[in-house]
Amino acid sequence: SIQNAYTPNNYKDSFATGKILYQKIDTVYNSNIHDSVFVFAKSNTSNLYNVSFTYVGLGKGSYRLLSNANNGKVFEWVQPSLNQQKKGEWEPVSFITTPKLQQIFTLSSKTILDKNSNLSTEFAVSRYDKNLFSNKDKNDDHGFAGKINYQNNSSPIKMKKNVYHLETNISFEAINNNFKPIERIRNVEFLRDWNILNSNQTVNENLSNLSFLLNGRSGGSLKYNFTNYNRSDGYHATKNEIQQNNSNKNFKVSSQLNLLQYTSIAIAGYFFRPQIDINKQINKLNKIRMGASYKGEFNHIKDSKIDTLTYQSFTFDKYEFYIKSKEEELNKYSVNYYTRINYLPYKNQMVRSDLSKNLQLNKEFLENEHHQFKINLNYRNVEYNQTNNLTQKNDENLLGRLEYLFDTKSGFVNGNSLFENGSGQEQKIDFVYAPVPVGQGEYTWNDYNKNGIQELNEFELAKFQDQKKYIKVFTPSNAYVKVNYISINYGIDINPASIIQHKEKFFNKILCRSNLISTLQFVNKELANESLIINPFNRLRSDTALITKTLFFSNTYFYNRNNPRWGFDVNHKISNNKSLLTYGFETRNVVNSQFKLRINLNKEWMTMLTLNRTFSELYSSSVQFRNRNYAVREMKIEPNFSYTHKSKFRAVVSYVYSSKINQIDSLEHAVLGGWETSFRYAIFGNSFLNAKFIFNKIVFNSNNSVENSPISFFMLDGQMPGKNVLWNMDFTQRLQNNLEVSFQYEGRKQPFSKVINIGRASVRAIF
């Protein structure tokens with residue numbers, strides 16, 4: 001059932017709700033009047049509607065989804081064809097979810113007939129009411145199902161010098177078309193095993209089975225299974241299965257034959273699946289196992305009326321050769337090579353569509369606990385047959401993973417590294433900003449163009465608690481692109497003091513006090529082409545072929561890291577991210593260099609100096625988001641002094657000076673200078689008082705004199721040019737052992753605005 005999914009919007013300021021609103025109009029097309037056509041409202045007018053659209057399928061709806069920069073999905077009415085056939089995929093309706101009732105009653109029994117045989121039964125009755133409070137269509141609510149199984153385990157059978165055990169199973173089951181199970185009663189591959197294409201229809205089912213299993217003491221076995229399956233929709237099928245396993249000394253042979261023959265009202269055919277595996281353990285070669293296998297599927301589906309192959313038919317042959325070492329070894333390996341030939345129907349014949357050659361290599365070196373190495377390589381080459389009108393190009397892929405874990409006994413170097421490459425599908429991502437209770441979000445909305453409509457390029461990361469009103473919700477789209485990817489990760493920690501012996505020498509003293517940490521995380525995805533990606537450094541480019549890119553590279557040098565008196569560190573970080581969104585590409589780059597010096601004057605007084613140099617860049621390929629682009633260079637200096645009295649009191653005073661220059665567009669320039677004071681006081685060990693006071697004086701210049709823009713919001717950290725004062729206070733009281741009560745107060749005063757005061761209280765349980 002469906003219902004209309006639009007309601008009048010009665011808010012005085014309609015666009016303040018943050019919803020996509022529509023106007024209802026009438027239009028004439030093909031001499032027909034189409035009433036109640038919803039059109040996206042671009043201004044705050046009367047008679048607006050909240051509309052919810054549902055995807056109903058291609059050619060079944062009157063609306064289509066537009067690519068836009070608004071905070072939410074916008075739909076557009078599509079004119080029908082001359083014969084009034086719809087061309088859209090969406091409708092302003094919603095499916096009604098009715099209250100449902102589902103119950104099931106089961107009764108099972110097992111009777112031991114003698115020491116070798118038993119009889120088991122199971123019956124079930126279900127009730128499924130799709131609309132509990134309705135009196136209509138109650139005749140199909142009840143269904144039943146039943147199964148009877150007879151099992152016989154015969155006494156040992158002697159054949160020459162071998163002893164076998166024979167197991168016989170006979171079963172019959174029936175399921176009514178109204179039976180509704182709570183959990184799955186069939187295996188996951190049931191529909192595929194019986195080649196049933198339409199699984200949505202409920203039918204009466206009868207399934208009978210007869211199987212024989214012959215087990216030998218040496219581990220060999222032979223099983224035959226016959227199954228007959230009938231459905232009330234005209235489907236009738238029989239299936240014969242033979243499974244064999246045998247081992248003789250170091251030889252192992254296993255095989256399986258599965259033949260399905262079926263007929264139905266629309267189609268008929270057969271599904272044949274042979275499979276065999278032969279391998280041998282070679283003791284002279286350190287007990288490695290060599291083997292070969294074959295697997296095939298021949299699925300021929302014919303139209304019952306015209307006796308031609310349908311497009312669902314397929315066939316493939318797979319030949320494999322492999323070598324494996326013993327599983328018990330720490331240094332083990334395996335090599336697999338296989339070819340697969342696929343066939344598709346063409347002019348009522350099965351014609352080869354493609355041939356793939358695959359090579360898999362796996363190797364693990366785990367004996368040395370200080371150096372462990374794992375490698376996994378998969379090479380695949382696909383050749384497509386062009387004679388049957390296939391348009392695919394030959395494809396060549398290399399998927400690999402190399403992992404190396406290492407450390408030295410002395411502790412001089414510790415680290416890990418990982419390299420991956422391959423290919424796959426990259427999904428385009430869509431997102432909206434959803435409103436949440438104040439303080440529980442991460443983003444704020446700034447109406448830069450003053451049109452009252454929430455647009456995606458007007459949301460920023462909130463700087464203050466009262467502005468955090470929205471969260472960013474990512475939703476997957478139906479658009480994919482084929483990509484090749486490379487991933488590189490490593491982490492290294494170097495500690496020279498662990499290997500230096502003569503530490504009293506001047507140069508050795510410097511090395512002993514030094515530490516170096518380096519980390520890299522790199523993922524690169526680009527549009528797939530016919531060539532392989534092996535060398536990642538030859539592909540580091542920013543062009544249209546690059547789909548997504550994630551890079552984080554950090555190097556930190558510590559001097560006197562563990563010295564309580566003084567020390568410094570130097571850090572250099574590079575962060576780069578390129579994302580594929582529904583409206584285009586978005587690239588963010590950050591390069592940061594930092595120097596930090598700490599000096600402990602005594603047990604109570606400490607001073608610290610921090611120098612920062614940062615380059616931040618944002619670029620969007622979409623014209624609608626060009627107002628967000630920036631390239632900002634920042635120089636920042638921050639000295640501070642701190643005083644600590646035992647564990648009860650701590651106070652910090654710091655001065656911050658920052659200069660930011662945007663190097664593109666309006667060449668904005670901001671200078672921020674101010675003081676920051678904070679203290680923490682512990683009362684009786686179970687109460688804490690934290691307070692902070694910040695004063696900032698900001699000077700902002702821009703060629704276009706625009707102070708309210710995404711760039712100014714980023715450069716000014718959400719503040720305004722002039723004198724800005726911010727303060728906050730937090731008091732926490734611990735009650736008993738696991739309960740805390742907290743009171744928070746925040747305030748700020750910005751130029752040309754009133755004082756904003758915010759108060760919160762919370763109770764937290766600690767487990």
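Tutor: What follows goes through individual salt bridges and the places of their partners. The model is predicted, and it holds 21 salt bridges, a few of which are described here. In one of them, Arg 628 pairs with Glu 460, and the closest N and O atoms are 3.0 Å apart. Because Arg 628 lies in the loop between strand S35 (605-620) and strand S36 (630-645), while Glu 460 belongs to strand S29 (residues 459-461), this pair ties together parts that are 168 residues apart in sequence. As to accessibility, Arg 628 and Glu 460 are both buried.

Another bridge joins Arg 764 to Glu 740, with 2.5 Å between the closest N and O atoms. This pair, too, links distant parts of the chain, since Arg 764 is in strand S42 (residues 756-765) and Glu 740 in strand S41 (residues 739-749), 24 residues apart. Glu 740 has a relative accessibility of 7% and therefore counts as buried, the cut-off being under 20%.

Arg 401 and Glu 403 also form a salt bridge, their closest N and O atoms being 3.7 Å apart. Here Arg 401 is partly exposed, with a relative accessible area of 34%, and Glu 403, at 22% relative accessibility, likewise counts as partly exposed. Finally, salt bridges can also be followed through a network, in which Glu 173, Arg 186 and Glu 205 are linked.

Technical notes. Residues numbered from 1 in each chain as written. Predicted model: local features only at pLDDT ≥ 70, side-chain atom pairs only at ≥ 80, totals over all residues. Heavy atoms only, no water. Salt bridge = Lys/Arg side-chain N within 4 Å of Asp/Glu carboxyl O. Buried < 20%, exposed > 50% of the residue type's maximum accessible area, 1.4 Å probe, protein only. Helix = DSSP H or I, 4+ residues; strand = E, 2+ residues; numbered from the N terminus.
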